[in-house]
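This report covers a ligand and the residues around it. The sequence and structure come first.

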Amino acid sequence: MTDPFGAAEEAAAAVAQMTGVPRHDVAIVLGSGWGDAASALGDVTFEGALSDVPGVPKPTVGGHKGKLVSVAASGRNVLVFAGRSHLYEGHPVHTVVHGVRTAILAGCGVVILTNAAGGLNPDVAVGTPVLLCDHLNLTGTTPMLGADPPERFGARFSDLTVAYDAELRALAHRVDDGLPEGVYAGLLGGTYETPAEIRMLRTLGADLVGMSTVLETIAARHLGARVLGISLVTNLAAGISPEPLDHQEVLAAGKAAGPRMIALLQGVVEGL
Ligand code: HPA
């Protein structure tokens, strides 16, 4: 992608045309295990393949449907990405954040990023949604890689002091007052971690570990959108978990927590 911002502008125009919705208000990216939430949010006015959006590759991970859904919910137009691209699939960083950039240029001022994550805190049970209060970008890359972005898109060096919006977190707490908060460590992924890596991450202050989200958050903050990040703890991380880790377990935990996650997303959209 030689001109990632131009590509996102083109994709945003395509989204408006495909969905018949000139401007969306809220974007929701559904991670592993969050797959069925879109239709529960409100009236589905459009559903199509995510890969029909120019610049979006077909997702390859089981549990990600690869759908783009437009939902009318609580008077807002919600653009749902059921599936996302990951670095470990071999996609360039600008491809990984293309959907989020597209959504923001299609009008979304709020971006809700969900994911499945390993839990490093043994006190947070599997199946618990956790609000991200901060992150460690350990992917070794950034969506700000490359030539200076066009000036109209925001500063070259974004301030990430408050990457995850405090007001959106407060709203999420009002919707579901038992939610813990945590720091998410985003890794390149491709495998789950070793126990030694998990001990390192704990020392670094991480509560959650996963293979997504951090790059999308950076891209969204650069474009001035407010971000709410929510991890579903689908397993205890390697060495903390008494069991070996397995993707089926991740999907099963998502299914079990489905109703709570849907109620949370519904409540947040309603309260915006
Ligand atoms: N590690 C990394 N990513 C994950 C995990 C994990 O334990 N669980 C779900 N996604």
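Asn235 reaches the ligand with its side chain: one of its polar atoms lies 2.7 Å from a ligand nitrogen atom. The protein covers 95% of the 260 Å² of accessible area that the ligand has on its own. The model is predicted.

Glu193 also points a polar side-chain atom at the ligand, 2.8 Å from a nitrogen atom. Gly118 uses its backbone instead. There, an N or O atom lies 3.3 Å from a nitrogen atom of the ligand.

## The shell

The residues surrounding the ligand include Ala116, Ala117, Gly118, Tyr192, Glu193 and Val209. Gly210, Met211, Thr234, Asn235, Leu245 and Val250 are also among them. By class, seven are nonpolar, four polar and one charged.

Three strands, β5 (110-119), β8 (208-210) and β9 (226-236), each supply at least two shell residues. The largest share comes from β5, with three residues.

## The pocket

Where does the ligand sit? The space it takes is the largest pocket. About 330 Å³ of space lies in this pocket. Its lining has 22 residues, and the closest to the pocket centre are Ser32, Tyr88, Ala116, Tyr192 and Met211.

β5, β8, β9 and α8 (247-271) each give at least two residues to the lining. The largest share, four residues, comes from β5. By class, the lining divides into nine nonpolar, eleven polar and two charged residues.

Note on methods
Residues numbered from 1 in each chain as written. Predicted model: local features only at pLDDT ≥ 70, side-chain atom pairs only at ≥ 80, totals over all residues. Heavy atoms only, no water. Near = heavy atom within 4 Å. Polar contact = N/O pair within 3.5 Å; in protein donor to acceptor, adjacent residues only side chain to side chain. Areas by Shrake-Rupley, 256 points an atom, 1.4 Å probe, with all protein chains shown as cover. 1 Å grid on protein atoms, 1.4 Å probe; cavity = no way out; pocket = protein on both sides within 12 Å on 5 of 7 lines; lining within 4 Å. Sits in = over half its atoms within 2 Å of the grid points. Nonpolar A, V, L, I, M, F, W, Y, C, P; charged D, E, K, R; others polar. Points joined across faces, edges and corners; volume = space filled by probe spheres on them.
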